[in-house]
Amino acid sequence: MNLVSIALEIYSYLIIGYVLLSWFPNARESFIGQLLGKIVEPYISIFRRFIPPIGGVLDLSPIIAIFALRFISAGLIAVLVYIFDLF
């Protein structure tokens, strides 16, 4: 259970790091930017389908993705605690 929460916490930080890279010119084209993109983009793209950028510039999908990840994490941990309490 603790391993799951740590993994999801690290993934949240990867999303934040990927968003912060957008503030710097050409940072997403660097090796780290491309690596983070390969890890994070598949998850964020799910939310980009439903949430268009505000004014064509402000992309809120990473914020919603982090909230969803936190929600999923809490639910998954609750389920795992319930399952392992049965044994």
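Student: How many salt bridges does the structure hold?

Tutor: This is a predicted model, and side-chain atom pairs count only at pLDDT 80 or more. The pairing criterion is a side-chain nitrogen of Lys or Arg within 4 Å of a carboxyl oxygen of Asp or Glu. The number of salt bridges in the structure is 3.

Student: Which parts of the chain does the salt bridge of E9 with R70 tie together?

Tutor: The closest N and O atoms of E9 and R70 are 3.2 Å apart. E9 counts as partly exposed because its relative accessibility is 27%, and R70 counts as partly exposed at 37%. The two residues are 61 apart in sequence, so their pair ties together helix α1 and helix α3.

Student: Which residues are linked in a network of salt bridges?

Tutor: R48 forms a salt bridge with E41, with the closest N and O atoms at 2.7 Å. R48 also forms a salt bridge with D59, at 2.8 Å between the closest N and O atoms. R48 lies in helix α2 and D59 in the loop between α2 and α3, so this pair ties together parts 11 residues apart in sequence. The network consists of E41, R48 and D59.

Student: What is the geometry of the aromatic pair Y11 and Y43?

Tutor: A search of the whole structure finds 2 aromatic pairs. In the pair of Y11 and Y43, the ring centres are 5.8 Å apart and the planes are at 70 degrees. Planes over 60 degrees apart fall in one class, so the pair of Y11 and Y43 is edge-to-face.

Student: Which residues do ring pairs link into a cluster?

Tutor: Y11 in helix α1 and Y43 in helix α2 are 32 residues apart. Y43 also pairs edge-to-face with F47, at 5.2 Å centre to centre and 75 degrees between the planes. Y43 and F47 both lie in helix α2, 4 residues apart. The cluster is made of Y11, Y43 and F47.

Student: Which elements give two or more residues to the largest nonpolar core?

Tutor: The largest nonpolar core has 14 residues, and I15, Y43, I44 and L69 have the most contacts inside it. The elements giving two or more residues to this core are α1, α2 and α3.

Terms used:
Residues are numbered from 1 along each chain as its sequence is written. Side-chain values use heavy atoms; hydrogens and water are left out. A nonpolar core is a set of buried Ala, Val, Leu, Ile, Met, Phe, Trp, Tyr and Cys residues joined through side-chain atoms within 4.5 Å. Buried means under 20% relative accessible area, exposed over 50%, partly exposed in between (1.4 Å probe, protein chains only). Rings of Phe, Tyr and Trp (its six-membered ring) pair if their centres lie within 6.5 Å; planes under 30 degrees apart count as stacked, over 60 as edge-to-face and the rest as tilted.
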